[in-house]
Amino acid sequence: MDLTILYRGPLSSCDYDCPYCPFAKRRDSREQLRADRAALERFTAWAAAQTGDRISVLFTPWGEGLVRSWYRRALVELARLPHIHRVAIQTNISSRTGWLAEAGEAGREKIALWCTYHPGQTPFERFLTKCEELAALGIRHSVGVVGLDGHLDEARRLRAALPDEVYLWVNAAEGHTYSDEEADRWTAIDPLFPYSRYPHRSAGLPCRTGESVISVDGEGTVRRCHFVPAELGSLYDGSYRRALGPRACPLAVCDCHIGYVHLETLPLYDVFAGGVLERIPASPLPLPASPLPFPASSLPSRTGRA
């Protein structure tokens, strides 16, 4: 089996206090942290044992994972395994980066980071230095920002400072409708911003989630993705395998990249060929077709983003 897993354990604490994030400066209790660590170690042990499969993992914690030693250790341990194709995580890269060297050269080729820059939460120079450290270590990474008006100048500054080969993505802000003029400003930074600008119609359309892509929580409950609550079974008793297969999306729209990237009606597996999990496009950057097939006037507003 060639399986992509989106793992989200109970961790929900973060060291940043972004005003647009419900988990800003939230603290987990010691008991909650112990539970998250135990859940992650159980998942890592399971993944290590699946030697007959080819597995890719994206950790999508609600909080910041890399400030916790067990997430850093999980990435290193999984990257060393021959049947693990890719292991990636969404992060603000506020923590040190030297631990990545522990994965060895072969392991570092499998590790990838999806890095978000939060202006006002960390000095620009410090964030840029972290990106330079990742590049020096040979770690694949993408960098991005939330498309808020107050972030525009910093996003432009970041794009100018990053090497051309580092993709800078822009996430449309939750609850924000972009005029064409606003969208053009963000598209000048991220040519793929038109894919994020509007939610995507998904009801009844084929999606890879539930077939070759699954979502797993800290209890081991398997769902097709983070946004569809219906359960497919348990990861740990293997019952989820019987439920895998082609299926249409039951939701009206999909408005988060980690969801709609798997829609078969969008060309994003080609756009991000070789870098779907870490949000790194193929090179040269494939641009969206024009016009894109999702007019703003006919789509609901965004309800949430991961």
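Start by selecting Glu-41, which is partly exposed with a relative accessible area of 37%; buried means under 20%, exposed over 50% and partly exposed in between, using a 1.4 Å probe and protein chains only. This is a predicted model, where local features need pLDDT of at least 70 and side-chain atom pairs count only at pLDDT 80 or more, while totals for chains, interfaces and linings use all residues. Residues are numbered from 1 along each chain as its sequence is written, and side-chain values use heavy atoms, with hydrogens and water left out.

Glu-41 sits in helix α1 (helices are DSSP runs of H or I with at least four residues, strands are E runs of at least two, numbered from the N terminus).

Now show all of α1 (residues 30–49) together with α2 (residues 69–79). How do their axes cross? They come within 10 Å and cross at roughly 5 degrees, with axes fitted to C-alpha atoms over the stretch in contact and angles running from 0 to 180 degrees between N-to-C directions. The two helices are therefore roughly parallel, a label for angles under 35 degrees. On the α1 side, the contact (heavy atoms within 4.5 Å) includes Leu-33, Leu-40 and Glu-41, and on the α2 side Trp-70, Tyr-71 and Leu-78.

The largest nonpolar core has 62 residues, and Phe-59, Val-87, Ile-111, Leu-113, Leu-158, Trp-186 and Ile-214 have the most contacts inside it. Such a core is a set of buried Ala, Val, Leu, Ile, Met, Phe, Trp, Tyr and Cys residues joined through side-chain atoms within 4.5 Å. Helix α2 gives the most to this core, with seven residues. A second, separate core of 23 residues includes Ile-258, Tyr-260, Leu-263 and Leu-268.

Jump to Ser-215 in strand β9 (residues 213–217). Buried or exposed? At 6% relative accessibility, Ser-215 counts as buried. Its side chain makes a polar contact with the side chain of His-226 at 2.8 Å (N or O atoms within 3.5 Å, one able to donate a hydrogen and the other to accept it; residues adjacent in sequence count only if both atoms are side-chain atoms).

Finish with some backbone. Most residues other than glycine have a negative phi. Ile-93, in the loop between β3 (84–91) and α3 (104–108), has a positive phi near 45 degrees and is buried at 3%. Arg-279, after α9 (268–271), has a positive phi of about 65 degrees and is buried at 2%.

Conventions
Parallel < 35°, antiparallel > 145°, perpendicular 65-115°, else oblique.
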